[in-house]
Amino acid sequence: FLSSPTSRHAQHLAANPRAAAAIHEDYRDWPDIKGVQLEGRVAEVGEGEAARVRALYGAKFPVVGKIAEAPPFIVAALARVRWYALTPDAVHFVDNAAGFGRRARLL
């Protein structure tokens, strides 16, 4: 993920690099929710990996991938952010159709 290093959560991660995240589609009703919950350690992506990470992000969001063609406000915003990676030490699959909060540990 990307964020400003001056944001509150980036400053908190600098003090305590543990975080949790949930990944799922935007469902209209909670019983339909299926997705992944993960927790682990967050670290800023090093310079050696940053180009690869930007390319992956740019594949999903072409305005970032084609920075030479991006509007000036996007270029300026990207110059102020840092790239971060969450390396999970626990991953769960959530399936509310099987029961509210039902999850299975994958890692």
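Biologist: What makes the lining of the second largest pocket nonpolar, polar or charged by class?

Modeller: Keep in mind that this is a predicted model. The lining residues there are Phe-1, Ala-21, Ile-23, Tyr-84, Ala-85 and Leu-86. Phe, Ala, Ile, Tyr and Leu count as nonpolar, so the class count comes to six nonpolar, no polar and no charged residues.

Biologist: How do you know which residues belong to that lining?

Modeller: Lining residues have an atom within 4 Å of a pocket point. Phe-1, Ala-21, Ile-23, Tyr-84, Ala-85 and Leu-86 line the second largest pocket, so each has an atom within that cut-off.

Biologist: And which elements supply at least two residues of its lining?

Modeller: That would be β2 (18-24) and β4. β4 gives the most, with three residues. The space in this pocket is about 180 Å³.

Biologist: What about the largest pocket, what volume does it have?

Modeller: About 260 Å³. Its lining has 14 residues, and Ala-50, Arg-54, Val-81, Arg-82 and Trp-83 lie nearest the centre. Two or more lining residues come from each of α2 (47-60), α3 (62-65), α4 (72-80) and β4 (82-95), and α2 gives the most, with three.

Note on methods
Residues are numbered from 1 along each chain as its sequence is written. This is a predicted model: local features need pLDDT of at least 70, side-chain atom pairs count only at pLDDT 80 or more; totals for chains, interfaces and linings use all residues. Side-chain values use heavy atoms; hydrogens and water are left out. On a 1 Å grid over the protein atoms alone, a cavity is a set of points where a 1.4 Å probe fits but cannot get out, and a pocket is an open set with protein on both sides within 12 Å along at least five of seven lines; lining residues have an atom within 4 Å of a point. Grid points are joined across faces, edges and corners, and a volume is the space filled by probe spheres set on the points. Helices (H or I, at least four residues) and strands (E, at least two) are DSSP runs, numbered from the N terminus.
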